[in-house]
Amino acid sequence: QVQLVESGGGLVQAGGSLRLSCAASGRTFTRNTLGWFRQAPGKEREFVSSITGIGGSTSYADSVKGRFTVSRDNAKNTAWLQMNSLKPEDTAVYYCAAKALGGGWIYWGQGTQVTVSS
């Protein structure tokens with residue numbers, strides 16, 4: 001059974017940092033792009049960041065560029081999202097996802113809550 005499990009969320013003051021982890025099990029995702037999404041209350045889920053399996057190319061939403069950094073370790077089947085200079089508008093449930101080769105986002109974690117207080 002494929003699972004993506006996020007951890008590392010919590011409550012932090014504005015300007016603070018958090019590091020989210022996404023541990024994959026059930027199969028390896030060496031070649032798959034891994035991504036982070038978030039959903040704030042009353043809003044649609046939005047893309048935050050992604051990192052490809054081969055080459056490790058990264059992509060970020062404009063709202064987090066320069067503040068968030070995505071990384072992965074294929075040997076550990078794990079990805080991370082380092083979030084710095086957090087703002088109250090970053091408050092959301094953050095989800096890890098894995099992309100099918102040549103397809104869409106097919107595997108999702110259960111999410112981890114990030115709350116940034118002002």
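Reader: Starting with Cys 96: buried or exposed?

Author: Cys 96 is buried, with a relative accessible area of 0%. Bear in mind that this is a predicted model.

Reader: What does Cys 96 pair with?

Author: Cys 96 is joined to Cys 22 by a disulfide, with an S to S distance of 1.9 Å. Cys 22 also counts as buried, at 1% relative accessibility.

Reader: Which hand does that link have?

Author: The link of Cys 22 and Cys 96 is left-handed, with -70° about the S-S bond.

Reader: And which strands are they in?

Author: Cys 22 lies in strand E3 (residues 18-25) and Cys 96 in strand E9 (residues 92-99), so the pair ties together parts that are 74 residues apart in sequence.

Reader: How many disulfides in the whole structure?

Author: A search of the whole structure finds one.

Reader: OK, the fold. How many helices and strands?

Author: The protein chain has zero helices and eleven strands. Read along the sequence, the pattern is β-β-β-β-β-β-β-β-β-β-β.

Reader: What about the overall dimensions?

Author: The C-alpha trace spans about 40 × 25 × 25 Å along its principal axes. The radius of gyration is 13 Å, which agrees with the value near 13 Å for a compact globule with 118 residues.

Reader: How much of it counts as buried?

Author: Of the 118 residues, 42% count as buried. As for contacts with a separation of 6 or more, residues 24 or more positions apart account for 53% of them.

Reader: Which residues touch the most other members of the largest nonpolar core?

Author: That core has 26 residues, and Trp 36, Phe 68, Leu 81, Met 83 and Tyr 94 touch the most other members. The elements that give two or more residues to this core are E3, E4, E5, strand E7 (68-73), strand E8 (78-83), E9 and strand E11 (112-117).

Reader: Take Met 83. What does it touch?

Author: Leaving out residues up to four places away in sequence, Met 83 touches Gly 16, Ser 17, Leu 18, Leu 20, Arg 67, Phe 68, Tyr 94 and Val 114. Phe 68 and Tyr 94 are in that list, and both are also among the core residues that touch the most other members.

Reader: Switching to rings. How many aromatic pairs?

Author: The count comes to four aromatic pairs. One of them is Phe 37 with Phe 47, which is edge-to-face at 5.7 Å centre to centre, with 80° between the planes.

Reader: Why does that pair tie together separate parts of the sequence?

Author: Phe 37 is in strand E4 (residues 34-39) and Phe 47 is in strand E5 (residues 46-51), so the pair links parts that are ten residues apart in sequence. Phe 37 is buried, with a relative accessible area of 9%, whereas Phe 47 is partly exposed at 28%.

Reader: And Phe 37 with Trp 108, what is the geometry there?

Author: The ring centres of Phe 37 and Trp 108 are 4.9 Å apart and their planes are at 55°, so the pair is tilted. Trp 108 lies in strand E10 (residues 105-108) and Phe 37 in strand E4, so this pair ties together parts that are 71 residues apart in sequence. Trp 108 is partly exposed, with a relative accessible area of 33%.

Reader: Which residues make up the cluster?

Author: Ring pairs link Phe 37, Phe 47, Trp 105 and Trp 108 into a cluster.

Reader: Last one. Which arginines lie over the face of a ring?

Author: Arg 27 lies over the face of Phe 29, at 4.4 Å from the ring centre. Arg 45 lies over the face of Tyr 95, at 3.9 Å from the ring centre.

Conventions:
Residues numbered from 1 in each chain as written. Predicted model: local features only at pLDDT ≥ 70, side-chain atom pairs only at ≥ 80, totals over all residues. Heavy atoms only, no water. Phe/Tyr/Trp six-rings, centres within 6.5 Å; stacked < 30°, edge-to-face > 60°. Helix = DSSP H or I, 4+ residues; strand = E, 2+ residues; numbered from the N terminus. Buried < 20%, exposed > 50% of the residue type's maximum accessible area, 1.4 Å probe, protein only. Lys NZ or Arg CZ within 6 Å of the ring centre and 35° of its normal. Disulfide = S-S within 2.5 Å. Core = buried A, V, L, I, M, F, W, Y, C linked by side-chain atoms within 4.5 Å. Contact = heavy atoms within 4.5 Å. Rg over C-alpha atoms; globule rule 2.2 N^0.38 Å.
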